[in-house]
Amino acid sequence: GWRVLVVNEAEGMTPGAALTWCDALEPLPARVVVVFTVNDLERLPQRFRDRCEQLHFEGRVSLLGPAIQELVARVWRGETGEDVVPGFEQFGEVADADGQVSFRRVLQVLTPWVQAWQGSPSTSG
């Protein structure tokens, strides 16, 4: 019975849009949650930030390595049918200069590996 709306990269909204959200957030029905994801919180107006609960997430590869590998394994097995799963370290850099990982980036670097496997001669026969 919950309804969740995710507004990704909310720091890109105009100040006018942020103020419109301020009015819209007040009368939300029960069991409705709006999640605004941001990379730069300071770009949002203070009035908007004051109406939101802020949660900060840790994104270091050193902490998220097991979750990254689990995602890679699930995608690899689902797309290739293979039980032997490569380690995510083989795909190249999945973290930014600050060591923060992006699961979207993990999927981006995994995609060509899956495509190459699917096109290999040993899989087409």
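**Stop 1: R49**

Select R49 to begin: its relative accessibility is 12%, so this residue counts as buried, since the limit for buried is under 20%. The model on the screen is a predicted one. R49 belongs to helix 2, which covers residues 46-50.

Show the side chain of R49 together with L44. A polar atom of that side chain lies 2.9 Å from the backbone oxygen of L44. Which residues is R49 in contact with, once its neighbours within four places in sequence are left aside? They are L41, E42, L44 and Q54.

**Stop 2: the whole chain**

Now display the whole chain as a cartoon. Its secondary structure comes to four helices and two strands. Followed from the N terminus, the elements run β-α-β-α-α-α.

Along the principal axes, the C-alpha atoms fill a box of roughly 60 × 35 × 25 Å. The radius of gyration of the chain is 20 Å, whereas a compact globule of 125 residues would have one near 14 Å. Of the 125 residues, 26% are buried. Among contacts in the chain with a separation of 6 or more, 62% are between residues 24 or more positions apart.

**Stop 3: two loops with positive phi**

Select E9, in the loop that connects strand 1 (3-7) to helix 1 (15-25). E9 is not a glycine, yet its phi is positive, at about 55 degrees. Is E9 buried or partly exposed? With a relative accessible area of 41%, E9 is partly exposed.

Then select R31, in the loop between helix 1 and strand 2 (32-36). R31 is likewise a residue other than glycine with a positive phi, here near 65 degrees. Its relative accessible area is 44%, and R31 is therefore partly exposed.

**Stop 4: helix 3**

Select residues 61-80, which form helix 3. How far apart are the end C-alpha atoms of this helix of 20 residues? They are only 25 Å apart, short of the 28 Å that a straight helix would reach at 1.5 Å a residue. Centre the view on A67, where helix 3 has a kink of about 30 degrees.

Colour the buried residues of helix 3, namely G65, I68, L71, V72, A73, W76 and T80. The buried residues of this helix pack against helix 4, residues 103-118.

**Stop 5: T80 and the end of helix 3**

Move along helix 3 to T80. The relative accessible area of T80 is 10%, and T80 is therefore buried. Show its side chain, which reaches the backbone oxygen of W76 at 2.6 Å. The side chain of T80 also reaches the backbone nitrogen of E82 at 3.1 Å. Not counting residues up to four places away in sequence, T80 touches V114 and W117.

Helix 3 is followed by G81. The phi of G81 is positive, near 75 degrees.

**Stop 6: the largest nonpolar core**

Show the side chains of I68, L71, V72, W76, F88, F91, V94, V101, V106, V109, L110 and V114. These 12 residues make up the largest nonpolar core. Helix 3 and helix 4 each supply at least two residues of this core. Another core lies apart from it, with 10 residues, among them A10, M13, L25 and F36.

Return to V106 and display what surrounds it. What does V106 touch, not counting residues up to four places away in sequence? The residues are I68, L71, V72, V94 and V101.

**Stop 7: R105**

Finally, select R105, in helix 4. Its relative accessibility is 37%, so R105 counts as partly exposed. Not counting residues up to four places away in sequence, R105 touches E93 and V94.

To end the tour, draw a distance line from the C-alpha atom of R105 to that of A30. These two residues are 75 residues apart in sequence, and their C-alpha atoms are 35 Å apart in space.

How values were computed: Residues numbered from 1 in each chain as written. Predicted model: local features only at pLDDT ≥ 70, side-chain atom pairs only at ≥ 80, totals over all residues. Heavy atoms only, no water. Expected span 1.5 Å × (residues − 1). Bend = angle between axes of the 7 residues up to and from the residue. Buried < 20%, exposed > 50% of the residue type's maximum accessible area, 1.4 Å probe, protein only. Contact = heavy atoms within 4.5 Å. Core = buried A, V, L, I, M, F, W, Y, C linked by side-chain atoms within 4.5 Å. Polar contact = N/O pair within 3.5 Å; in protein donor to acceptor, adjacent residues only side chain to side chain. Rg over C-alpha atoms; globule rule 2.2 N^0.38 Å.
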